[in-house]
Amino acid sequence: MKLCIFAKDRIGAISDSSVTDITDLVPQPYRDDPGMAMNVLIRNWANVRQEISRALSSLPKLPLDSVQLSAPVCAPPHVFAAPANYRKHIGELGAQAVTKTTRTAREQGFFLKAPGSITGMAEGITLPDRPGRRFDHESELAVIIGTGGKNIPRREALSHVFGYSCLVDLTMRIEPGTHEEERSMRKSFSTFTPIGPWIVTADEIPQPQGLSNRLWVNGQLKQQANTAEMIVAVDELIELVSGVIELSPGDVIASGTPEGVGPVVKGDSVEIEIEKIGRMTLQVR
Ligand code: MN
């Protein structure tokens, strides 16, 4: 199933090119708060999934292209992110890289992005006023956790996934010797974590390695890779993160960017597409 947030605060299920409003089927008490409502829906998915599937045939449908889509998860408890998780990306940033090329993705672990930096197609990206600084796109598969847990072993990890989405990890680059702010700050400006266009539930993507991951700026292809090239695969990422802190329903793991990272500026149009998920277009303001 494909799940979205549309018209600011409605929860929808997408089929073909239409969206069905399922907000009223989400368990209370968070119906007026789309971020919290989606977390509740994810947490209770096993109980409500059948009812939602049944209701889809009777509820009214809207054309998908008539609605504004926001980020399908906008209030996750955490946004974890993998650094340097595609071999060819390592080294391409030269002196502007924070990750040492001699250290493996496994040794790096993860960093955090502020959940408040999430944005969606309807809102787009707003660059901060930081003259002389470079802001880069990173094209990433987002993993959305369904069943939480601590110390989840790799062999069980994929059963903890609720679904997948596209994620752009926007970053203000360091300038060696002058501007070397903490990574969490440089990646947590408002709107620096676009997610969307929807969540595809994990039953439709049983194997998350092997999906093409592409990103364009103004129609020009900038990043093209396959999630099979990830160094730390999704199951190991879940093992790694849950070995540190308990994962919660709705948590997001940004799985890292391949090569081709580059700058975006005001007026650009950024498009990300991941196979079996879909395409999200974002305007940069
Ligand atoms: Mn990244």
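The dialogue below goes through the metal site, the salt bridges and some strand pairings of a predicted model.

Colleague: What should I know about the model before reading it?

Modeller: The model is predicted, so local features need pLDDT of at least 70 and side-chain atom pairs count only at pLDDT 80 or more, while totals for chains, interfaces and linings use all residues. Residues are numbered from 1 along each chain as its sequence is written, and side-chain values use heavy atoms, with hydrogens and water left out.

Colleague: Which residues coordinate the manganese ion?

Modeller: Donors are N, O and S atoms within 2.8 Å of the metal (3.2 Å for Na, K and Ca); water is not among the atoms, so sites may look incomplete. Here the manganese ion is coordinated at 2.1 Å by Glu138 (OE), Glu140 (OE) and Asp169 (OD).

Colleague: What spacing do the donors follow along the chain?

Modeller: The spacing is E-x1-E-x28-D. Helices (H or I, at least four residues) and strands (E, at least two) are DSSP runs, numbered from the N terminus.

Colleague: Are Glu140 and Asp169 buried or exposed?

Modeller: Buried means under 20% relative accessible area, exposed over 50%, and partly exposed in between (1.4 Å probe, protein chains only). Both Glu140 and Asp169 are buried.

Colleague: How many salt bridges does the structure hold?

Modeller: Side chains of opposite charge can pair when their charged atoms come close. A salt bridge is a side-chain nitrogen of Lys or Arg within 4 Å of a carboxyl oxygen of Asp or Glu. The structure holds 16 of them. A network of salt bridges links Lys113, Arg134, Asp136, Glu138, Asp169, Arg173 and Lys187; Glu138 and Asp169 also coordinate the manganese ion.

Colleague: Which residue forms a salt bridge with Glu236?

Modeller: Arg106 does, at 2.7 Å from N to O. Glu236 in helix 6 (residues 234-242) and Arg106 in helix 3 (residues 105-108) are 130 residues apart, so the pair links distant parts of the chain. Glu236 is buried because its relative accessible area is 10%, whereas Arg106 counts as partly exposed at 43%.

Colleague: How many bridges pair strand 2 and strand 3?

Modeller: Two strands pair if DSSP finds at least two bridges between them. Strand 2 and strand 3 have four, in the antiparallel sense. They form a hairpin with two residues between them, and Asp16 in the turn has a positive phi of about 50°. Ile14 has Val19 of strand 3 as its bridge partner, and Val19 in turn has Leu62 of strand 4. A salt bridge joins Asp21 to Arg10, with the closest N and O atoms 2.8 Å apart; Asp21 lies in strand 3 (residues 18-21) and Arg10 in strand 2 (residues 10-15).

Colleague: What is the order of the open sheet of three strands?

Modeller: The order is 12-9-17, with antiparallel pairing. Strand 12 and strand 17 (262-263) are the edge strands, each pairing on one side only. Strand 9 (residues 135-137) meets strand 12 over two bridges, and Asp136 has Thr171 of strand 12 as its bridge partner.
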